[in-house]
Amino acid sequence: MNAPVQPKAAWLKKVKWDEHGLVPVIAQEAGSNDVLMFAWMNREALAKTVELGEAVYWSRSRKKLWHKGEESGHVQKVLEVRLDCDEDVILLKIEQAGGIACHTGRHSCFFQKFEGDAQEGDWQNTEPVLKDPSDIYKAGK
């Protein structure tokens with residue numbers, strides 16, 4: 001059995017962590033290239049993501065690690081982990097279980113599109129709810 005990856009591993013030092021020890025993370029669906037969500041990771045979350053091959057984020061509101069799909073079952077299988085040119089943003093290429101990444105029950109968290117002009121424009125929902133969030137999260141409540 002492999003020993004767990006230690007958060008002090010040398011490859012983690014290349015990432016430019018912010019003043020809170022976090023790095024922004026974009027989850028992109030491998031097949032469609034849709035950007036599904038944005039989240040944060042600390043060193044432990046990134047190390048755990050690489051170790052498990054599934055996305056683990058840092059929940060700023062709960063102040064703990066959050067294994068994506070732990071309540072909903074909508075796990076993100078990580079196919080690639082990339083670091084941007086400034087070494088301060090992580091891109092995960094993922095396969096999204098159940099086709100739902102957003103806690104609203106939609107495929108992507110980026111379902112609101114601005115339409116119109118600066119004076120009269122507004123945000124429009126562009127993706128349907130695939131599953132009612134109360135059905136997704138009832139087991140966890």
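A search of the whole structure, which is a predicted model, finds 4 salt bridges, a salt bridge being a side-chain nitrogen of Lys or Arg within 4 Å of a carboxyl oxygen of Asp or Glu. Because the model is predicted, local features need pLDDT of at least 70 and side-chain atom pairs count only at pLDDT 80 or more, while totals for chains, interfaces and linings use all residues. Residues are numbered from 1 along each chain as its sequence is written, and side-chain values use heavy atoms, with hydrogens and water left out.

**Salt bridges**

| Salt bridge | N to O distance |
|---|---|
| Glu87 and Lys14 | 3.6 Å |
| Arg62 and Glu70 | 3.8 Å |
| Glu80 and Arg82 | 2.6 Å |

The pair of Glu87 and Lys14 links distant parts of the chain, 73 residues apart, with Glu87 in the loop between strand E5 (76–83) and E6 and Lys14 in the segment before strand E1 (23–29); strands (E, at least two residues) are DSSP runs, numbered from the N terminus. Glu87 is partly exposed because its relative accessible area is 22%, on a scale where buried means under 20% relative accessible area, exposed over 50%, and partly exposed in between (1.4 Å probe, protein chains only).

In the second pair, Arg62 counts as partly exposed at 37% relative accessibility, and Glu70 is likewise partly exposed, at 41%. Salt bridges that share partners join Arg62, Glu70 and Glu71 into one network.

**The sheet around Glu80**

In E6, Lys93 is the bridge partner of Glu80, and E5 and E6 pair in the antiparallel sense over 7 bridges, where two strands pair if DSSP finds at least two bridges between them. These strands belong to an open sheet of 4 strands, ordered E2-E1-E6-E5 with mixed pairing. Its edge strands are strand E2 (35–41) and E5, each of which pairs on one side only. From one strand to the next, the twist averages 25 degrees, with axes being lines fitted to C-alpha atoms and angles running from 0 to 180 degrees between N-to-C directions.

**The annotated cysteines**

The unreviewed UniProt entry carries the annotation "binding site" for Cys85, Cys102 and Cys109; such annotations may be inferred rather than shown by experiment, and their positions are given in the numbering used here, with feature names shortened.

Cys102 lies in the loop between strand E6 (90–96) and strand E7 (112–115), and Cys109 is found in the loop between E6 and E7. Cys102 counts as buried because its relative accessibility is 4%, whereas Cys109, at 30%, counts as partly exposed. Leaving aside residues up to four places away in sequence, Cys109 touches Leu36, Met37, Ala101 and Cys102, contact meaning heavy atoms within 4.5 Å. With the same exclusion, Cys102 touches His107, Ser108, Cys109, Phe111 and Tyr137.
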